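Please keep the sequence and the model in view while reading.

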Amino acid sequence: MAKAFFRLQKFLRRTQFLLFFLTAAYLMAGSLLLLQRTRLVIQQGSRGTPANQALPVPEEMGRVGIIDPRTLQNPRPGPRLLVGMDALQEPALDQRHSPHWLTSRNSELRQLRRRWFHRFTSDQEPLQTAGFKAMKHATDHKGIYMGCFTHDSRERTLKGAVFYDLRKMTVVHCQEACAERAYSYAGLAYGAECYCGNALPAAAAKAEECNSECKGEKGSVCGGVNRLSVYRVEELRAGARRRRNVIYRGCFRAPENLTDTFPASLIQPNLTVEMCSEFCSKKEFPLAVIRGQECYCGYPTGRFSLREGTDGLRCSGTRNASSAAGGKYCLVYQTPVQDTRCTDRKFLTTKSKVFVALSSFPGAGNTWARHLIEHATGYYTGSYYFDGALYNKGFKGEKDHWRSRRTICVKTHESGKTEIEMFDSAILLIRNPYKSLMAEFNRKYAGHLGYATDRNWKSKEWPDFVNSYASWWASHVLEWLKYGKRLLIVHYEDLKQSLIPKLKEMVEFLNVTVTEDRLLCVENNRDGNFKRSGAKQKNFEPFTQEMKDLINRYILTVDEALRGRNFSGLPREYVPR
């Protein structure tokens, strides 16, 4: 009897231990899962996105971008997730392009589009600093280190070109960028900012005060807080000269008094374009102006705006600068030097009383418009989203919360009633849907600066993309027209063709006063850092006739809606006739 009792007691003890172990394991697993979810929420919350944007999206949804909400509740096999396909119950064909149908479709799918579109894109950015070595290999730094200097952002000594790369900045990247633009010195600050100039800063600092590690180069120092690590790169300029671009701006009537108009001048027998450009680059001026044997350096100004060029035949001998112009006309060239009169930007010192949106369909030029607005007003623009690639290139408003009201306006692609009515007014940027769709498709597959491959264009993804996004282009405009409180309509094509007049309208709408010279500086720096280099030619037509018929119907719908609100219609260049 005692033996049986002993066996029972031993069994119960083992069972008790086993139950204790399983309970502990269960609690630990639950705790880990809770911590993981909490970390995910914190990470997503730090980006400033609404909670309903933080949900992960399956890869199939990410590729397509627009899905049927019912598939989330009742998943079924098959890839037919697109609007316009069998996954949604479509109305009759004659109702499919009405404003009411486009608006209702947009409302249903807006949240799901948002999840795909605003994925963190910094990983798509081409690695620009690949191959640079760590700082411990001092011989890899081609420039000569001059020391640590004080850096005053209001009175900069290195006041030439300014570059930001808050993720990939390296010493070599800064040195080469300054050398290619004909500067003698390169200075790095805050681990991510690069400044160029032709004169050393006056006030030296202690070597240990330059203690910020370069964002793209571990173990390497890139200045510090209000401190510059300065390198002399003059020796690099000989090699960089071959790569530098001196751009011919045209033939212009010379101002009445050239010495009053231009701050620096040179008279040189047998003057050449290269001589004049080199002289003006050293003086840190973006324009080199040649009249006979005279070379003048300066900026575009009200006296000499470069808006009205004349027949090139009036400037004889564009190849031989010494024989040009005959006194009344002059040849104008753009030097590699950056026009820095409009590059300094900051956050608003007091919160804005008017909450302004910069709204557009993806691929309509929103980033370019932000570049223009920031340089014209001197204030950062914000974003409803967080795009790491844009932040890393100097759009510092990307990281500021979109409702902080510290930015001059806020980028958004949203088009729901709630999202629109949050804003007091909006600049609505509209672009040709053919161009917008292609630009967004390129961005989706190759980042802000790349191009989708021919394989992408010829795959099933492209027609699916057009099917889905063409309707979004139309509904985006229709909903802003319906719910927007105060709108300024800006057509991308008009802004590109008449930059200064249209930019003036935008700046006045934002209630900011700017000088003529600052606007001319913006025009001189009009492209920014996110312009794709040239138009990649395709040896085939990406739009089928069926796609064209669909897009043209949307164009007519939007054109009619604009005119119905007493706005000018869409530009005639892409309205089908």
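## Overall composition

Of the contacts in the protein with a separation of 6 or more, 75% are between residues 24 or more positions apart. The model described here is a predicted one. Its secondary structure comprises 18 helices and 17 strands.

The protein has 577 residues, and 51% of them are buried.

## The parallel sheet

Strands S14, S15, S13, S16 and S17, in that order, form an open sheet of 5 strands with parallel pairing. Its edges are strand S14 (382-383) and strand S17 (487-491), each of which pairs on one side only. Strand S13 (residues 356-360) is joined to strand S15 (residues 410-412) by 3 bridges. Across this pairing, Ala357 stands opposite Val410, and Leu358 stands opposite Lys411. S13 also pairs with S16 in the parallel sense, over 5 bridges, and here Val356 faces Ser425.

How many of the residues of S13 are buried? The count is 5 of 5, so the strand is largely enclosed by the rest of the structure. In a regular strand, side chains alternate between the two faces of the sheet. In S13, Val356, Leu358 and Ser360 point one way, while Ala357 and Ser359 point the other way, and all are buried.

## Helices across the parallel sheet

Helix H9 (residues 366-377) lies across S13, S14, S15 and strand S16 (425-430), and it runs at about 145° to S13. Helix H16 (residues 499-509) lies across S13, S16 and S17, at about 160° to S17.

In soluble globular proteins, nonpolar side chains tend to be buried together. The largest nonpolar core of this model has 43 residues, and those touching the most other members are Ile430, Leu437, Trp462, Trp473, Phe543 and Leu570. At least two residues of this core come from each of S16, helix H12 (433-446), helix H14 (461-483), S17 and H18. H14 gives the most, with 12 residues.

Which residues does Trp473 touch, leaving aside those up to four places away in sequence? They are Phe361, Ile430, Arg431, Pro433, Tyr554, Ile555, Val558 and Leu570. A second, separate core has 28 residues, including Ile373, Ala376, Cys409 and Ile500.

## Helix H18

Helix H18 (residues 545-564) has 20 residues, which at 1.5 Å a residue should span 28 Å; the end C-alpha atoms are 29 Å apart, which agrees. Its buried residues are Met547, Leu550, Ile551, Tyr554, Ile555, Thr557, Val558, Asp559 and Leu562. Just after the helix, Asn566 takes a positive phi of about 65°.

## The antiparallel sheet

Another open sheet of 5 strands has the order S8-S12-S10-S11-S9, and its pairing is antiparallel. Strand S8 (247-253) and strand S9 (264-267) are the edge strands, each pairing on one side only. From one strand to the next, the twist averages 20°. Within this sheet, 4 bridges join strand S10 (residues 287-291) to strand S12 (residues 329-334), and Ala288 has Tyr333 in S12 as its bridge partner.

Strand S4 (residues 193-197) is mostly covered, with 5 of its 5 residues buried. On one side lie Glu193, Tyr195 and Gly197, and on the other Cys194 and Cys196; both faces are covered.

S4 runs antiparallel to strand S2 (residues 162-164), to which 3 bridges join it; the bridge partner of Val162 in S4 is Tyr195. S4 is likewise antiparallel to strand S3 (residues 185-189), with 5 bridges between them, and Leu188 stands opposite Cys194. S3 and S4 form a hairpin with 3 residues between them, and Tyr190 in the turn has a positive phi of about 60°.

How values were computed: Residues are numbered from 1 along each chain as its sequence is written. This is a predicted model: local features need pLDDT of at least 70, side-chain atom pairs count only at pLDDT 80 or more; totals for chains, interfaces and linings use all residues. Side-chain values use heavy atoms; hydrogens and water are left out. The expected span of a helix is 1.5 Å times one less than its number of residues. Buried means under 20% relative accessible area, exposed over 50%, partly exposed in between (1.4 Å probe, protein chains only). Two strands pair if DSSP finds at least two bridges between them. Contact means heavy atoms within 4.5 Å. Axes are lines fitted to C-alpha atoms, for helices over the stretch in contact, and angles run from 0 to 180 degrees between N-to-C directions. A nonpolar core is a set of buried Ala, Val, Leu, Ile, Met, Phe, Trp, Tyr and Cys residues joined through side-chain atoms within 4.5 Å.
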